[in-house]
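Visitor: I am new to reading structures. Could you take me through some features, one at a time?

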Amino acid sequence: MSAADSLSENSLDARSPTPSTDVDEYGAQEYGLATIGVRAGQSRSPEGEHNDPIFTTSSFVFESAAQAKSRFVDDAEGNVYSRFTNPTVRTFEERLAALEGGRHGTGTASGMAAILSVGLTTLKAGDHVVASSSLFGSTVTLLKKTFARFGVTTTFVPLSDLEAWRNAITPNTRLLYAETPSNPLCELCDIEALSELAKSSGALLAIDNCFCTPVLQRPLEFGADIVIHSATKFLDGQGRCVGGAIVHNSDELKDELVGFMRSAGPAMSPFNAWVFLKGLETLKIRMREHCASTQTLAEWLVLHPAVAKVHYPGLLDHPQHDLAVKQQSGFGGVLSFEVKGSRDDAWTVVDNTKIISITANLDRKSVV
Ligand SMILES: *Cc1c(COP(=O)(O)O)cnc(C)c1O
């Protein structure tokens with residue numbers, strides 16, 4: 001029996017039922033992820049459209065000066081300007097939050113804008129971050145260069161080494177930051193163990209869930225405080241738009257993010273939000289297909305005489321296969337492998353692939 005068979009079809013839904021969410025009725029646990037991905041967050045306009053509309057408007061009209069004042073100054077409900085809120089972006093935020101089992105979502109201009117926004121709303125000068133050393137390259141640069149300039153220091157630790165995380169914590173540590181599984185070696189961290197560590201040290205745990213998506217892993221259910229996405233990757237899944245998102249359960253962080261988006265402005269465009277909404281509608285079936293074809297490819301590569309090593313959590317000899325079974329409901333759409341020989345030999349393989357694109361994105365036809 002292959003490892004893929006050990007996960008039943010149904011278990012490709014996230015493992016546990018959705019916890020309470022006030023996002024909307026579709027976040028409730030009687031709906032499956034496929035339904036939530038199509039329906040959550042939709043609010044029809046008086047036109048009664050079936051599909052989600054795109055609100056391509058930069059500002060919104062007020063009925064009176066008094067209404068303008070109450071929305072601008074008193075934070076009354078209602079749209080003002082698309083840097084603050086936009087109905088299409090809000091639908092995306094609510095749908096993704098419902099998929100992650102979270103109460104609040106914020107769409108951002110890119111995945112990096114999401115990470116920047118989390119840093120700037122949760123950290124201040126003098127604070128310390130413990131981060132995995134296996135992070136997306138721009139995230140490392142952001143922590144090492146940009147945040148450091150503002151007095152936030154970071155210690156990088158091996159992703160799967162819980163003792164190293166524990167030892168790196170200082171009295172000033174306010175944020176633990178990880179991607180799991182990592183790119184490209186597909187290492188994992190135990191989200192539940194890291195969340196306990198974060199709680200006992202007064203820090204928040206943020207997980208970049210880009211590789212799994214909520215279809216395969218819902219970090220909030222294992223105690224993570226913040227989930228981050230590059231919507232550019234599997235959420236779109238078709239290589240069309242750049243965007244990002246933040247999902248969490250904290251009313252306090254929600255207020256911080258609303259204020260931050262309004263004054264700093266890394267907002268998602270309504271057109272991109274609409275494209276991502278269409279991506280979310282097919283996310284579950286795409287992720288299921290990604291898992292199946294990546295497992296087949298991994299098992300084929302293992303037997304290939306020119307391949308030295310395959311990194312994929314769905315292989316039984318992956319060092320953290322059991323952890324993947326515990327916290328993921330599928331092994332994901334990304335693998336990496338090492339070919340025997342030199343770097344030139346590896347590049348020869350890359351240059352001779354057919355159909356596959358050599359590109360910097362994750363979707364069903366990329367090699368990076
Ligand atoms: C691509 C990526 C990001 C950055 O997202 P952008 O949308 O490109 O800004 C962050 N984290 C991971 C894991 C990524 O793969």
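Visitor: How far is a polar side-chain atom of Ser 230 from an oxygen atom of the ligand?

Guide: A polar contact is a pair of N or O atoms within 3.5 Å; within protein, one must be able to donate a hydrogen and the other to accept it, and residues adjacent in sequence count only if both atoms are side-chain atoms. Here a polar side-chain atom of Ser 230 lies 2.8 Å from a ligand oxygen. For Thr 232, a side-chain N or O atom is 2.6 Å from an oxygen atom of the ligand. For Lys 233, the distance from a side-chain N or O atom to a ligand oxygen is 2.7 Å. This is a predicted model, where local features need pLDDT of at least 70, side-chain atom pairs count only at pLDDT 80 or more, and totals for chains, interfaces and linings use all residues. Residues are numbered from 1 along each chain as its sequence is written, and side-chain values use heavy atoms, with hydrogens and water left out.

Visitor: Which residues are around the ligand?

Guide: A residue counts as near a molecule or strand if one of its heavy atoms lies within 4 Å of it. Around this ligand, they include Ser 110, Gly 111, Met 112, Phe 136, Glu 179 and Asp 208. Ser 230, Thr 232 and Lys 233 are also among them.

Visitor: At what angle do helix α3 and helix α10 pack?

Guide: Helices (H or I, at least four residues) and strands (E, at least two) are DSSP runs, numbered from the N terminus. Axes are lines fitted to C-alpha atoms, for helices over the stretch in contact, and angles run from 0 to 180 degrees between N-to-C directions. Helix α3 (residues 87-100) and helix α10 (residues 270-281) pack at about 30°. Their axes are 8 Å apart.

Visitor: Which residues of α3 and α10 meet?

Guide: Contact means heavy atoms within 4.5 Å. From α3, Phe 92 and Leu 96 are among the residues that meet α10. On the α10 side, they include Trp 274 and Leu 277.

Visitor: Where are the cis peptide bonds?

Guide: One joins Thr 180 and Pro 181, with omega about -5°. Another joins Asn 183 and Pro 184, with omega about 5°. Pro 181 is in the loop between β4 (173-179) and α7 (191-200). Pro 184 lies in the loop between β4 and α7.

Visitor: Is Asp 75 buried or exposed?

Guide: Buried means under 20% relative accessible area, exposed over 50%, partly exposed in between (1.4 Å probe, protein chains only). Asp 75 is exposed, at 58%. Its phi is positive, near 55°, and it is not a glycine. Asp 75 lies in the loop between α2 (65-72) and α3.
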